[in-house]
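Could you open this structure in your viewer and walk me through it, one selection at a time? I would like to know what to click on next and what I will find there.

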Amino acid sequence: MGMTDVLIVGAGPTGLVLACDLARRGAAVRIVDRSPAPPRTSRAKGPNPRSLEILDDLGVAEEVLAAGSAPLPMLKYRDRRPVAEADPWADSAPSPDARYDRGWLIAQWRLEGILRHRLAGYGVRVEPGREVVGLAQGRNEDDRSDAGDRSDGGDGEHVDVTYADGQAGRARYVVGCDGAHSSVRKLLGITFEGTTAEDQVMVCGDVDLAEGVLDRTRWHQWFDEDGAVMLCPIPGTRTGWWFQAGPERDGRGRPLAPTADGFRRLLAHHTALPGRDLTRAELLSTYRVNVRMADRFRAGRVLLAGDAAHVHAIAGGLGMNTGIQDAFNLGWKLGLVLAGHADAELLDTYEEERLPVAARTLDLTSERLRATLEAIRLPGGGLDAAITPDTTGLGVGYRWSSLAAGGRAPQAERPGPHAGDRAPDAPCADAVTGVRTRLHRVFAGPRTTVLGFGPGSAAVLRETADAYGGDAGVRVCRVYAAHEDRAEAVPGAVVDDAGHATAAYGTGASGVTGAGTVVVVRPDHHVGVLAPADDARSVREYLRRLHGTGRSAERSPGMVDAVR
């Protein structure tokens with residue numbers, strides 16, 4: 001087998017998002033999974049608002065929204081009687097800077113199917129039944145010419161991969177997205193420190209209930225002193241439900257493995273429904289609270305993402321979402337290194353940024369689990385205790401990162417985002433055509449964006465466009481205030497007609513004086529530099545770090561824009 005740019009091991013949401021992001025950058029990607037067929041797993045209940053923004057960037061958000069449903073109000077019972085109802089999203093609404101104000105319910109296998117279809121559009125298909133059993137990082141003199149213009153330093157370094165069937169492959173980079181029991185992590189000898197709470201156990205499965213026995217517009221939750229049953233309707237099905245419950249236990253109090261008959265007994269015990277109303281149960285599993293994290297996310301040319309790098313309590317639904325967000329942080333960095341624009345050191349910023357986020361997520365989910373377990377001891381308590389603004393993912397940023405150093409100095413007193421923060425969205429209009437758009441639509445696709453506010457930003461935008469053109473992975477966008485003359489507007493410029501962009505980025509004051517502000521937005525929608533428009537040097541140095549010197553740098557041969 002020939003050399004591939006990136007071998008992704010594991011085709012869950014994390015691996016699929018990474019594969020889509022790399023494939024649209026023109027990288028040669030292979031994605032393998034040890035399962036012989038796509039697993040119909042249902043543990044994750046759907047993307048949170050930040051993951052929806054990422055799926056939107058990849059061009060699949062509309063399909064995900066259509067295939068799923070909005071999160072449901074929770075109806076809580078005690079001793080078989082309804083005692084309280086809670087809608088954690090009742091007071092939230094989309095805002096100009098965040099289009100998605102709530103997560104979305106969708107079966108994980110449906111989400112994976114949508115991502116696999118998107119990936120196939122780039123000519124990449126998951127290779128099932130392929131288990132990685134060996135990894136060796138090497139250097140081969142014969143490899144030098146093979147490196148070609150997809151420079152990886154030109155040193156011919158690579159990873160040799162061995163599969164369980166005896167076949168072999170070779171890749172410039174390998175990313176383990178292969179879950180909590182990651183074989184990639186084990187082959188690297190990376191420790192997975194943490195705890196497993198043997199007493200905190202839940203049994204899960206997908207079940208069918210007789211039609212009409214429960215209202216499908218609610219997530220039903222029975223919490224009794226001796227256990228619990230939770231039933232949430234699976235979107236896109238008529239009679240399918242996600243079933244979660246405290247396990248049955250043997251005479252010594254040890255949890256029993258889940259069975260269909262066990263589920264029927266739990267249903268009859270906690271709810272007013274007879275066991276026979278549960279007509280089918282599959283994908284049965286036992287969930288134990290694991291709180292573990294890899295001590296590093298990179299070993300040379302092999303990286304870890306998602307559950308392979310960190311697992312935590314299910315409370316708040318952050319498992320799959322943290323993995324999707326890992327992938328979106330890593331994809332553009334790998335893409336720029338493979339294209340020869342950025343040095344391989346850029347990959348060190350993946351661990352630098354995502355490891356602290358994973359550590360904080362472990363703490364946050366453990367705290368939400370504790371709050372939930374406390375809440376359900378009283379009648380009316382339920383899973384809404386796990387949901388806080390923290391669980392949207394919109395507040396996650398990287399102010400500590402070396403990639404956020406560019407515009408740190410004048411930030412302390414100014415409103416708006418700091419370097420490292422998520423770049424806010426804002427509704428606006430195309431300056432040439434008048435068509436409605438949004439800043440996140442401007443950012444979409446695999447490029448770095450340079451926003452210019454105020455007339456003073458024109459020079460930096462011109463210099464950037466001259467240096468990087470349209471095909472080196474950098475785009476420029478002048479943001480006009482409603483009152484500004486836009487006779488000179490070029491395609492791609494936008495009008496902040498309602499003032500939302502100016503408000504979100506805190507650029508109002510400088511726009512009035514004409515000095516202006518320049519914001520460099522990374523491909524993953526995080527602010528890299530926020531500087532006065534006369535500080536062209538900060539912008540120049542930042543872009544050089546990510547994209548080389550521009551027109552003199554190697555061109556990426558296959559930049560593919562997302563098909564929208």
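Predicted model: local features only at pLDDT ≥ 70, side-chain atom pairs only at ≥ 80, totals over all residues.

**Stop 1: the eight-stranded sheet**

Start by colouring the strands of the open sheet that runs in the order S4-S3-S10-S11-S12-S9-S13-S16. Its eight strands show mixed pairing. Now pick out residues 81-86 (strand S4) and 310-311 (strand S16): these two strands stand at the edges, and each has a single partner strand, so one side of each has no neighbour in the sheet.

Next, select residues 219-224 and 227-233, which are strands S10 and S11. They pair in the antiparallel sense, with five bridges between them.

**Stop 2: leucine 283**

Stay with strand S13 (residues 278-294) and zoom in on leucine 283, which is found there. Its phi is positive, about 55 degrees, although the residue is not a glycine. Is leucine 283 buried, partly exposed or exposed? With 37% relative accessibility, it counts as partly exposed, because that class lies between the limits of 20% and 50%.

**Stop 3: the seven-stranded sheet**

Move on to the open sheet with the order S18-S17-S21-S20-S19-S22-S23, again with mixed pairing. At its edges stand strand S18 (436-438) and strand S23 (527-532); each has a single partner strand, so one side of each is left without a neighbour in the sheet. On average, neighbouring strands here are turned by 30 degrees against each other, direction ignored.

Select S17 (residues 427-430) together with S21 (residues 494-496) to see an antiparallel pair joined over two bridges. Within this pair, aspartate 430 stands opposite valine 494.

Then show helix H11, residues 458-468. It lies across strands S19, S20 and S22, running at about 160 degrees to S20.

**Stop 4: histidine 525**

Finish in the loop between S22 and S23, where histidine 525 lies. This residue, which is not a glycine, has a positive phi near 65 degrees. Histidine 525 is buried, with a relative accessible area of 1%.

Key
Residues numbered from 1 in each chain as written. Heavy atoms only, no water. Pairing = 2+ DSSP bridges. Helix = DSSP H or I, 4+ residues; strand = E, 2+ residues; numbered from the N terminus. Axes fitted to C-alpha atoms, helices over the stretch in contact; angles between N-to-C directions. Contact = heavy atoms within 4.5 Å. Buried < 20%, exposed > 50% of the residue type's maximum accessible area, 1.4 Å probe, protein only.
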